Amino acid sequence: MRIVSGIQPTGNLHLGNYLGAIRNWVKLQDEGECFFFLADLHAISMPHDPAQLTANTREMAAALIACGVDTDRAVLFNQTQVPAHAELQWLLNGTARIGWLNRMTQFKDKSGKNREGASVALFTYPVLQAADVLLYQASHVPVGDDQKQHLELARDIAQKFNNDFGGGTEVFTLPDPYIPPEAARIMSLRDGTAKMSKSDPSDMSRINLADDPDTVMKKVKKAKSDAEPLPSDIEGLDGRAEAKNLVSIYAAIAEAPVADVLRDFGGEGFGKFKPALGELLVEHLRPITERFTALKDDTATLDSILRAGAERARAASADTLDAAYRALGLLR
């Protein structure tokens, strides 16, 4: 397996990012050859502060390493240092079709009502995503529900390019989706129907990876719940979004089925369950937070790590980029 996945350097990583994606990245290092990148080129498709983007890119690198991404076993880099990403996107723009991009729901969501005012980069964002994975001949791409459509587009672009310009050879591998065996969907601590998000104005809605133990415990104890005791079976969580979220967080951290958590806590109130959840989170996150805190301001080390990863990524992508240029009949 050759696995490629990226994450936007938004800063302020939280528990939802860790359980929903990053922990699975760490596990994937045992499954195959991994290329993990910080999608800073994608970040400029929306309004941004340049200095903050620089800081967020380093902070994200520190967080990924703190969470267990091993730069001896995986290639970690930021897109900008591998120009082939942008080059291949332009080459693929000739194959991608406006009709395909018009069907991308994420553009509609992010552009809102002012689509005419959205950047061209936001519209062509999925073509850059296709370049991101096709460049490395990825066999598998971890995807959540919100990215399945973009991976399908990448496959469509690869197939059309191969058919139109391959001359009987496969220039690009068609990547398959990788659905993690456990992909936790973590919701807000203030609203069990909304995803945990850094954009929520209330810091009490999320557990940040930089939170100290006292803050983690405080947030868990103040998390929204209800007056009923926990049920003894999963069906009893129906219609209880906040209770389901807190139990799901416990199960994800403990790497245990929800049924097992309810077996242990069924009939108990949140006055007992929340402290147990808080203690579990504190102990699990403690080494991550300590490593992150020690690394996040070490600019020289982080820059060195990203440069080394980019060098490996450039070497791994060179043959594919050359093949794409040749297939299109471009001299350089």
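## Aromatic pairs

The structure, a predicted model, holds 11 aromatic pairs, counted where ring centres of Phe, Tyr and Trp (its six-membered ring) lie within 6.5 Å. Planes under 30 degrees apart count as stacked, over 60 as edge-to-face and the rest as tilted. Y250 and F265 form an edge-to-face pair, at 5.4 Å centre to centre and 70° between the planes. This pair links distant parts of the chain, with Y250 in helix 10 (residues 241–254) and F265 in helix 11 (residues 258–265), 15 residues apart. Helices (H or I, at least four residues) and strands (E, at least two) are DSSP runs, numbered from the N terminus.

Y250 is buried at 16% relative accessible area, and F265 is buried at 9%. Buried means under 20% relative accessible area, exposed over 50%, partly exposed in between (1.4 Å probe, protein chains only). F265 also pairs with F273: the ring centres are 5.0 Å apart and the planes stand at 80°, so this pair is edge-to-face. F273 has a relative accessible area of 0% and is buried.

Five of the five residues of strand 3 (residues 74–78) are buried, so the strand is largely enclosed by the rest of the structure. A74, L76 and N78 cover one side, V75 and F77 the other.

Strand 2 (residues 33–38) runs parallel to strand 3 and is joined to it by five bridges; strands pair if DSSP finds at least two bridges between them. F77 is the bridge partner of F37.

## Basis

Residues are numbered from 1 along each chain as its sequence is written, and side-chain values use heavy atoms, with hydrogens and water left out. Local features need pLDDT of at least 70 and side-chain atom pairs count only at pLDDT 80 or more, while totals for chains, interfaces and linings use all residues.
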